[in-house]
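Subject: Structure for you to look at

Hello,

Here is the structure I said I would pass on. My notes on what turned up in it follow below.

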Amino acid sequence: MSKDNHGGFLASVNRNFDKAAAVSNLPEGLLAQIKECNSVYQMRFPVKIGNDYKVIEAYRVQHSHHRLPTKGGIRYSQKVNQDEVMALASLMTYKCAIVDVPFGGAKGGVKISPREMTVPQLQKITRRYTAELIRKNFIGPGIDVPAPDYGTGSREMAWILDTYLSFKGGEIDAAGCVTGKPVHQNGIQGRTEATGRGVYYALKEAVSYKDDMAALGLETGMEGKTIAIQGLGNVGYHTGVICQEEGGSIIVSVAEYEGAIYNKKGIDIKALFKHRKETGSILDFPGAKNMKQRKRVLEVDCDILIPAALESQIRVDNAHKVKAKIVAEAANGPITAEAEEILLKMGVMILPDMYVNAGGVTVSYFEWLKNLSHMRFGRMEKRFNQNTYLNLVGLVERLTGKTIGVKERNLLTKGADEIDLVRSGLEETMITSYRQIRTILKKRKKIEDLRTAAFISALDKISSDYMALGIFP
Ligand code: NAD
């Protein structure tokens, strides 16, 4: 941990909260209630690894119960600690409010290094962790709903659901106890890419304002923007692919655990992923040069820097070396509160984590709704819409005496599949939320940065929930 990050990640989140609270005009008691974590469950359980028993340290933190269920991912990392999980749970509350997902915030953490474990060992730990959550009533479709985070994915979510079902088999909505599940096991199309896709939609919206871009010396649009990405995991990979394929952006640098690479002409992310799978490393990728240290990715000359690995990556000791005009926090907490002050003084636009990476929880919300409705999106209306569009096209053809080509006909008459609806709902969410935040930034005096504006957006919504509950005047 760097010296500047006094008290660590949680202190950094709370420092940002205090900065926004000071300009929020909300009662102090209410702000104190919102800020604190409501329930912290710290557990230890033994798991047999080889011939030995290992005691596993794990957490589940529910930050706010103003809306239920609570929601947040589960992290597997050797660096997990209580403060980190509390910080991540707090961010989840603000994130859900910003994107109008009706949940309180939560987060889970298991202090293990998944890279050093076998699949059966990971399964054993995941199932035991789930059993502990069930035992203390810390999981359930109306209680607390986990999802993937750093070090976990759909495989772990399937194990969680299966364990839950073995305890609560008769529960009609049991499938909604966890999100991020494989599509064929009560998951939803588009969840795996959701956080990365959300980062892309957020960026696309942010770079669409002429005056904002002019202030940074940039043109509008994602086309041709140069991008550096730290971390090629779930979030970094999908962000990179979508920015490249749909946005026409150029990924000039990528860093992973083993090092960093640079190519000013652009790095094909799908090809890089394949290269890493085959060689075990992103290094020595054809056409790119290896960089001396992986952290140099944060300092390359580019328009947009996307930290998508872990917290506290940009600190007082390296903030001044950042050359990007925009930093999009795909990871949670990659910039310390102190480093943020430096970047803001340098004129860098910071798109804050609690907005930028909210695509994951947004599509998790869609998945949860799908589980509660017991039906995939689009099943009722797809064919009806398709037939209506076909009738319209037929009418146009009859009236004009012209025939529409097969390609155009298919495009015009397509009924929406689940994936189309999920992407459309996600895009709508990211655009609407950005406009709310930007309006707060432009209209409210004393608010000078997007993170504070995002906090205010969250605080306005959470406080009105508390007032509606009659808890505060
Ligand atoms: P992941 O485990 O899939 O990928 C993270 C990658 O970062 C790994 O490949 C790891 O090797 C790499 N990495 C770690 N330290 C690094 C370093 N110093 N330099 C370069 N690479 C490094 O995790 P993820 O799900 O992509 O999560 C990444 C971040 O995004 C986390 O902060 C997480 O909380 C946040 N996030 C994830 C989701 C989600 O849906 N998965 C949603 C919102 C936020």
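A cavity, as the word is used here, is a set of grid points where a 1.4 Å probe fits but cannot get out, and its volume is the space filled by probe spheres set on the points. Please keep in mind that this is a predicted model.

The cavity

The structure contains one cavity of 30 Å³ or more. The volume of the largest cavity is about 90 Å³. It is lined by 14 residues, and Phe9, Val13, Asn16, Gly333 and Ile335 are the closest to its centre. Two or more lining residues come from each of helix 1 (8–21), helix 11 (353–356) and helix 16 (450–468). Helix 1 contributes the most, giving four residues to this lining. Sorted by class, the lining of the largest cavity consists of six nonpolar, six polar and two charged residues.

The ligand

How many residues surround the ligand? There are 23, and the closest of them are Arg75, Asp149, Thr195, Glu256 and Asn332. In one, a polar atom in the side chain of Arg75 is 2.8 Å from an oxygen atom of the ligand. In another, a polar backbone atom of Val235 lies 2.9 Å from a ligand oxygen atom. The side chain of Asn332 also takes part, with an N or O atom 2.9 Å from an oxygen atom of the ligand.

On its own, the ligand has 830 Å² of accessible area, and the protein covers 91% of that. The elements giving two or more residues to the shell around the ligand are helix 8 (234–245) and strand 7 (250–256). Domain 1 (39–185) and domain 2 (190–381 + 428–455) each supply at least three residues to the shell. In terms of class, the shell is made up of eight nonpolar, nine polar and six charged residues.

The second largest pocket

The second largest pocket holds about 310 Å³ of space. Its lining has 16 residues, with Val348, Met349, Leu441, Glu448 and Leu450 nearest the centre. Helix 7 (210–216), strand 12 (349–351) and helix 15 (418–443) are the elements that each give two or more residues to this lining. Nine of the lining residues of the second largest pocket are nonpolar, one is polar and six are charged.

Two backbone details

Which peptide bond is cis? The bond from Leu68 to Pro69 is, with omega near 5°. Pro69 sits in the loop that runs between strand 2 (52–62) and strand 3 (70–76).

The other detail concerns Asn186, a residue other than glycine with a positive phi, near 70°. Asn186 belongs to the loop between helix 5 (154–168) and helix 6 (194–206).

That is what I have for now.

Regards

Definitions and conventions. Residues are numbered from 1 along each chain as its sequence is written. This is a predicted model: local features need pLDDT of at least 70, side-chain atom pairs count only at pLDDT 80 or more; totals for chains, interfaces and linings use all residues. Side-chain values use heavy atoms; hydrogens and water are left out. On a 1 Å grid over the protein atoms alone, a cavity is a set of points where a 1.4 Å probe fits but cannot get out, and a pocket is an open set with protein on both sides within 12 Å along at least five of seven lines; lining residues have an atom within 4 Å of a point. Ala, Val, Leu, Ile, Met, Phe, Trp, Tyr, Cys and Pro count as nonpolar, Asp, Glu, Lys and Arg as charged, and the others, Gly among them, as polar. A residue is near a molecule or strand if one of its heavy atoms lies within 4 Å of it. A polar contact is a pair of N or O atoms within 3.5 Å; within protein, one must be able to donate a hydrogen and the other to accept it, and residues adjacent in sequence count only if both atoms are side-chain atoms. Accessible areas come from the Shrake-Rupley method with a 1.4 Å probe; for residues, only the protein chains shown count as cover. Domain bounds come from an automatic or database domain assignment.
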